[in-house]
Amino acid sequence: MSTYFDGLETRSADERMAAQMDALRAQLRAAKELRGYRDTLAFIDASEVDGMDALSHLPVLRKSEIGQAQKSLSPLGGFTAKPASGFAHIFQSPGPIYEPGGTDHDWWRIGRFLHAAGIGRGDIVQNCFAYHLTPAGMIFENGARAVGAAVLPAGVGQTELQVRAAADVGTTAYAGTPDYLKVILDKADEMGERLKITKAAVGGGALFPSLRKEYADRGISCLQCYATADLGNIAYESPAMEGMIVDEGVIVEIVRPGTGTPVPEGEVGEVVVTTLNPDYPLIRFATGDLSAVMSGTSPCGRTNLRIKGWMGRADQTTKIKGMFVRPEQVAQLVAKHPEVTRARVIALREGEMDVMRVQIEGGSDASAYEKSVTEVLKMKGAIECVPVGSLPNDGKVIDDQRDYN
């Protein structure tokens with residue numbers, strides 16, 4: 001297998017900037033014709049956007065704006081170059097917000113990450129990302145096709161069947177959230193099955209060092225990427241495992257949260273991404289995630305910008321068990337029960353697994369809220385009723401207590 005996916009990964013900084021600015025100007029010209037951008041980009045002269053400084057003066061686009069636009073310009077809000085019927089897939093994220101998907105070669109650019117993880121022709125990838133409504137399953141399947149690997153479309157759950165399938169077909173690689181591979185491996189041990197998985201490509205949650213070490217001790221090399229439903233791959237780890245290398249198909253800025261102003265190198269800020277995908281031209285899309293630029297280039301030889309990876313949320317939105325939990329969902333939970341005055345979601349780690357605890361202020365019977373928690377937050381959690389006035393008066397409705405060090 002070649003060290004690099006293609007020659008783009010080893011370009012000089014000047015070559016990369018020139019190519020990306022050409023692509024960006026083309027994106028801007030196309031975006032100005034789309035209804036979703038007419039109010040924000042109408043007066044932008046694309047020919048004058050000739051570098052990162054000029055890019056930083058363009059308006060920031062937030063996901064909430066796309067969601068709002070989709071209410072009047074159904075279903076994709078006027079931000080796509082084709083109608084909804086022109087895409088291979090339409091996906092739904094919480095909100096709900098709808099995203100398009102394609103089946104063209106490496107449409108989400110995950111193939112570059114899988115190649116860096118050593119996955120390619122001859123591998124069978126057990127794809128344990130969800131396939132229903134959300135795009136993660138198809139994102140990784142599309143990437144596997146780009147590198148020539150076969151796919152076992154396993155999805156989420158039914159762990160015993162997952163083990164049986166992995167053993168029977170000879171799965172060599174895993175794709176899914178960081179935690180779930182351990183669930184499969186532990187179940188395999190319980191069933192007396194020895195699996196052939198030696199590679200793992202994970203995303204959708206934090207890969208904790210202790211968990212990566214456990215996989216390494218089992219003979220599994222595990223690398224992670226940073227991707228979203230809207231943008232596809234943003235950055236990925238290489239075997240050097242020194243930060244995350246920005247994908248060649250996006251332009252990444254780190255800005256002061258709540259603004260569009262870039263921060264100095266090394267300072268933590270919000271990740272803002274411009275995608276060069278002509279089908280879905282997202283210009284300065286604010287992810288809500290925090291990260292920081294790393295100095296220098298990766299020892300692996302890839303020359304693009306590096307970031308430190310996911311460092312939390314610029315807002316309180318938090319990913320638990322691979323699913324986003326948003327402040328508005330907590331407010332919805334409170335609104336369903338008149339006796340509840342406040343609620344707080346706490347994200348914890350127990351035994352290398354994400355755990356969600358929900359504190360209910362004003363209730364007395366925790367079991368009375370189990371159904372609402374599952375329906376509104378889309379997952380189960382431990383529920384604790386606490387006295388009125390006992391939750392801290394700090395404005396937090398989601399408290400991430402996981403240690404990312």
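Arg16 and Glu248 form a salt bridge, with their closest N and O atoms 2.9 Å apart. Arg16 belongs to helix H1, and Glu248 to the loop between strand S10 (244-246) and S11, so the pair ties together parts that are 232 residues apart in sequence. Arg16 counts as buried at 5% relative accessibility. Glu248 is buried as well, with a relative accessible area of 6%. The model is predicted.

A second bridge joins Arg349 to Asp179, where the closest N and O atoms are 3.1 Å apart. Arg349 sits in strand S18 (residues 342-350) and Asp179 in helix H8 (residues 178-191), so this pair ties together parts that are 170 residues apart in sequence. Here the two ends fall into separate classes. Arg349 is partly exposed, with a relative accessible area of 22%. Asp179 is buried, at 8%.

Helix H8 takes part in another contact. The side chains of Lys182 and Glu214 meet in a salt bridge, 2.9 Å from N to O. Lys182 lies in helix H8 and Glu214 in helix H9 (residues 209-217), 32 residues apart, so the link again runs between distant parts of the chain. Lys182 is buried, with a relative accessible area of 14%.

How many salt bridges does the structure hold? The count comes to 34. Some of the charged side chains join into a network. Asp6, Glu9, Arg109, Arg112, Asp247 and Arg302 are linked in this way by salt bridges.

Now turn to the aromatic rings. A search of the whole structure finds five aromatic pairs. One of them is Phe87 with Trp107, an edge-to-face pair at 6.4 Å centre to centre and 85° between the planes. Phe87 lies in the loop between helix H4 (63-72) and strand S2 (89-93). Trp107 lies in the loop between strand S3 (97-101) and helix H5 (110-116). The two residues are 20 apart, and the pair links distant parts of the chain. Phe87 counts as buried at 9% relative accessibility, and Trp107 is buried with a relative accessible area of 8%. Trp107 also pairs with Trp108, edge-to-face, at 5.0 Å centre to centre and 80° between the planes. Trp108 is buried too, like Trp107. Which residues make up the cluster linked by ring pairs? They are Phe87, Phe91, Trp107 and Trp108.

Next come the cysteines. A disulfide is a covalent bond between the sulfur atoms of two cysteines. The count of disulfides here is zero. The cut-off is 2.5 Å between the sulfur atoms. Cys225 counts as buried at 8% relative accessibility, whereas Cys385 counts as partly exposed at 25%.

How values were computed
Residues numbered from 1 in each chain as written. Predicted model: local features only at pLDDT ≥ 70, side-chain atom pairs only at ≥ 80, totals over all residues. Heavy atoms only, no water. Salt bridge = Lys/Arg side-chain N within 4 Å of Asp/Glu carboxyl O. Helix = DSSP H or I, 4+ residues; strand = E, 2+ residues; numbered from the N terminus. Buried < 20%, exposed > 50% of the residue type's maximum accessible area, 1.4 Å probe, protein only. Phe/Tyr/Trp six-rings, centres within 6.5 Å; stacked < 30°, edge-to-face > 60°.
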